[in-house]
Amino acid sequence: MLRNPIHLRLEKLESWQHVTFMACLCERMYPNYWAFCQQTGFADAQLYRRILDLVWETLVVKDAKVNFDSQLEKLEDAIPAAEDYDVYGVHPAIDACVALSELLHSRLSGETLSHAIEVSETSITTVAILEMTQAGREMSDEELKENPAVEEEWDIQWEIFRLLAACEERDLELIKGLRSDLREAGISNIGINFQQ
């Protein structure tokens, strides 16, 4: 799928920056999961919200203790199966869960770079697949790179990356600011609007 120089640049960041980057992208994918749950009655979208909030908490609260194994188990039970649903929304919902699962795995393994790249690719894939679905055809990587929705997703990822890369050390205000900005915007990577 689409590669981007951001994946090489992520290597320069520290672990907390990778985790914050992933949490930001999951925050942007949450409305996709929420909308799917609203539409189908599949699960309580609040579960996703709570797990993601615990990750944010570990970024800003020193010594916050979270059992990530248990959170991963809860999440795995709340991932929809594509074959059970005839609605397009199941795919972005699954992608949102895959991204959050990568984030949890990074917390369990302590290895963050490969997971950060995976979350970045998952988010961009969600956008690319929607664009191809709407166009009713496959698109080449070249076409996708010039697609406005794909370009916008890369721009947002780069913006988050740049803010994080500018930090000398863990910046709690920046982390809190990113979380509240993305949450208040309430718009997913594919334009789904989250209403409280």
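**Figure 1. Glu 143 and Arg 137 meet in a salt bridge.** This close-up comes from a predicted model. The N-to-O distance between the two side chains is 2.8 Å. Glu 143 counts as partly exposed because its relative accessibility is 32%, between the 20% and 50% cut-offs. Arg 137 is also partly exposed, with a relative accessible area of 42%. Elsewhere, salt bridges that share partners tie Glu 27, Arg 49, Asp 53 and Arg 183 into one network.

**Figure 2. Arg 49 and Asp 53 pair up within helix H3.** These two residues belong to the network that also includes Glu 27 and Arg 183. The closest N and O atoms of Arg 49 and Asp 53 are 3.1 Å apart, and the pair forms a salt bridge. Is Arg 49 buried or exposed? Arg 49 is buried, with a relative accessible area of 10%. Asp 53 has a relative accessible area of 24%, so Asp 53 is partly exposed.

**Figure 3. Glu 121 forms a salt bridge with Arg 3.** Here the closest N and O atoms are 2.3 Å apart. The pair links distant parts of the chain, 118 residues apart. Glu 121 sits in helix H6, while Arg 3 lies in the segment before helix H1 (6-9). Glu 121 counts as buried, at 16% relative accessibility. Arg 3 is exposed, with a relative accessible area of 51%. A search of the whole structure finds seven salt bridges.

**Figure 4. Glu 131 is buried yet has no salt bridge.** Glu 131 is found in helix H6, which covers residues 113-135. Which side chain of opposite charge is nearest to Glu 131? That side chain is Arg 137, and it is 9.4 Å away. A salt bridge needs the nitrogen and oxygen within 4 Å. Glu 131 does have a polar partner: its side chain and that of Asn 147 are joined by a polar contact of 3.1 Å. Leaving out residues up to four places away in sequence, Glu 131 touches Met 139, Asn 147 and Ala 149.

**Figure 5. Asp 44 sits in the loop between helix H2 and helix H3.** Helix H2 spans 15-40, and helix H3 spans 46-60. A polar atom of the Asp 44 side chain lies 2.9 Å from the backbone nitrogen of Gln 46. Asp 44 counts as partly exposed, at 45% relative accessibility. The C-alpha atom of Asp 44 is 8.2 Å from that of Ala 78, although the two residues are 34 apart along the chain.

Figure 6. The protein chain has nine helices and zero strands. Its C-alpha atoms fill a box of roughly 45 × 35 × 30 Å along the principal axes. The radius of gyration is 16 Å, which agrees with the value near 16 Å for a compact globule of 196 residues. Of these residues, 51% count as buried. Among contacts between residues at least 6 apart in sequence, 73% join residues at least 24 apart. The chain exposes about 9,700 Å², and carbon and sulfur atoms supply 47% of that area.

Note on methods:
Residues numbered from 1 in each chain as written. Predicted model: local features only at pLDDT ≥ 70, side-chain atom pairs only at ≥ 80, totals over all residues. Heavy atoms only, no water. Helix = DSSP H or I, 4+ residues; strand = E, 2+ residues; numbered from the N terminus. Buried < 20%, exposed > 50% of the residue type's maximum accessible area, 1.4 Å probe, protein only. Lys, Arg positive; Asp, Glu negative; His and termini not counted. Polar contact = N/O pair within 3.5 Å; in protein donor to acceptor, adjacent residues only side chain to side chain. Contact = heavy atoms within 4.5 Å. Rg over C-alpha atoms; globule rule 2.2 N^0.38 Å. Areas by Shrake-Rupley, 256 points an atom, 1.4 Å probe, with all protein chains shown as cover.
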